[in-house]
Amino acid sequence: MTRHLARGLLVLTALSVSGCAAFSPDSGMTDVSDLTNQAINKDVAFVRTAEGTGAVEARVRQLLSRTLSADAAVQIALLNNKGLQAAYDELALAETDLVEQSLPPNPVFSISRISGNGASEIERQVVGDILALATLPFRSDIARDRFRAAQLRAALATLRLAADVRRAYIRTVAANEMVVLLTDAKATAESTAQLAVKLGETGSLNKLDQAREQVFYAETTADLATARQTAASTRERLARLMGLWDEGLDFRLPSALPSLPRRPLALPSIEADAVAHRIDLQIARLELTALAKSLNLAEATRFVTLLDLAGISRRTRDPEGPPFRERGFDVQFQIPIFDGGEVRVRQAAETYNFAFNRLSERAVNVRSEARDAYRAYRSTYDIASHYQREIIPLRKIITEEMQLRFSSMQVDIFALLTEARQRMASLRGAIDARQRFFLAQADLQTALNGGGAAAAVSDNPTTIAAAAPADGGGH
């Protein structure tokens, strides 16, 4: 009897092993790479060997050898940022959980010998967890969903880093452009302040006008110092995100932000696109599916929570008689007298309902975020375009006309300098408007694909938001 039970246990274990998951060659990075490439058209690498490290370093050196574009900065960060590599390590750990959950429990073999009063007893046991074997397919299926969610979280971390790098790049280039503008303005203001002092000494300029020129110089000097500090801080943040240090800190950036595109994007179905492509919502859907499967598992194991089958072989030796063998089996299980499993089932059901409602809330928020991001994108484009097409050309005309009038002695130097200050204010506004547009463009991509700070998803399945269908249907 014991031999048959042990054989049956081994057969059941062998059948379970046949469906076990195995470690993938790349720890699941293929799907992460595909998602990243589809969203932002960039390469990713999980560096775990010396050869891989060398290849990444060579690619980074190649990208740093020329003036960085925003796309090049993003690519360097995706290859070189160690925090992102840590996120990929978490994916590799998630794969170990998948493999572990797909393996049947190891059978336990024990042997004991008891002797005394001239007699000895030898007992052998093979114990297997039948319940764990029976629920193995359910647990494996849930583990696969969890691993898929881990892949999506790694992709989400990749997109978040890419968005952060792009924003830092835009702010750094805009800050550098502002420094150049304010440096020229300071030189002009300094000359004006010195001229005002000389004119004041001759009595040609009153104290009020002198003070106005001097305070403009002082304010411009303070603005320039602030702009330089901002440029230095944003550059350091960009370097951190790209994972650069030592010699890599000498990277070159363009002197100004690029021109605006000829026309803005038209995205009539932006809400549906966001709900369909947001990676944080894909994670949420998988977590909700895993919760549903966990609920089914809880119902399947409601009354029997522990079942061990032990095959026993016992041999007793009596010094005064021939040895004899005892065979049999031992079954252990809990009797649901006080808790029949209703609590676990209710907890699973309420957890699922909680997650579904949070998920539906998140879907509504995603639609709102997409609409708001597109409105910000269009409005900042219109404002920056207005500066580019209307304000700056008009300022140029005014400057040229003022210079002609100054040459013909129709206006004095201070009227010309007053106009120069106004033109500088317009140029500062134009730089700020272009920076806002390109930041809004980055935020729009984030709203469509995920990766923003507002789109962060908790690892706890009970706090994840899930998307309702794009057509607004319920569950």
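A residue counts as buried when its relative accessible area is under 20%. Keep that cut-off in mind for the exercises below, which explore a predicted model.

**Exercise 1. Ser426**

Task: Decide whether Ser426 is buried or exposed, and find which residues it touches.

Solution:
- Start with the location: Ser426 belongs to helix 12, which covers residues 413–449.
- Next, apply the cut-off. Ser426 has a relative accessible area of 11%, so it is buried.
- Now look beyond the residues up to four places away in sequence: Ser426 touches Tyr387, Ile391, Ile392 and Arg395.
- Take one of these, Arg395. It sits 31 residues from Ser426 along the chain, and their C-alpha atoms are separated by 7.8 Å.
- Finally, check the side chains: those of Ser426 and Arg395 make a polar contact at 3.2 Å.

**Exercise 2. Glu95**

Task: Work out whether Glu95 is buried or exposed, and what it is in contact with.

Solution:
- Glu95 is part of helix 5, residues 82–102.
- Its relative accessibility is 3%, and therefore Glu95 counts as buried.
- With neighbours within four places in sequence set aside, the contacts of Glu95 are Ala22, Phe23, Ser24, Ser27, Gly28 and Phe147.
- Gly28 is 67 residues from Glu95 in sequence, yet 7.6 Å from it in space, C-alpha to C-alpha.

**Exercise 3. Helix 8**

Task: Find what span helix 8 should have, then examine its buried residues and its two ends.

Solution:
- Helix 8 runs through residues 207–242, a total of 36 residues.
- The expected span is 1.5 Å times one less than the number of residues.
- For helix 8 this comes to 52 Å, and the end C-alpha atoms are 52 Å apart, so the two agree.
- Turn to the buried residues of helix 8, among them Phe216, Thr220, Leu224, Ala227 and Ala231.
- Residues three or four places apart in an α-helix point the same way, because there are 3.6 residues a turn.
- The cover over the buried residues of helix 8 includes helix 4 (70–80), helix 7 (136–202) and helix 12.
- At the start of helix 8, Asn206 brings a side-chain oxygen to within 3.2 Å of the backbone nitrogen of Leu208.
- Just after the helix comes Gly243, with a positive phi of about 70 degrees.

**Exercise 4. Arg166**

Task: Determine whether Arg166 is buried or exposed, and list its contacts.

Solution:
- Arg166 lies in helix 7.
- At 19% relative accessibility, Arg166 counts as buried, because the cut-off is under 20%.
- Apart from neighbours within four places in sequence, Arg166 is in contact with Ala70, Asp71, Val74, Ala442 and Gln445.

Note on methods: Residues numbered from 1 in each chain as written. Predicted model: local features only at pLDDT ≥ 70, side-chain atom pairs only at ≥ 80, totals over all residues. Heavy atoms only, no water. Helix = DSSP H or I, 4+ residues; strand = E, 2+ residues; numbered from the N terminus. Buried < 20%, exposed > 50% of the residue type's maximum accessible area, 1.4 Å probe, protein only. Contact = heavy atoms within 4.5 Å. Polar contact = N/O pair within 3.5 Å; in protein donor to acceptor, adjacent residues only side chain to side chain.
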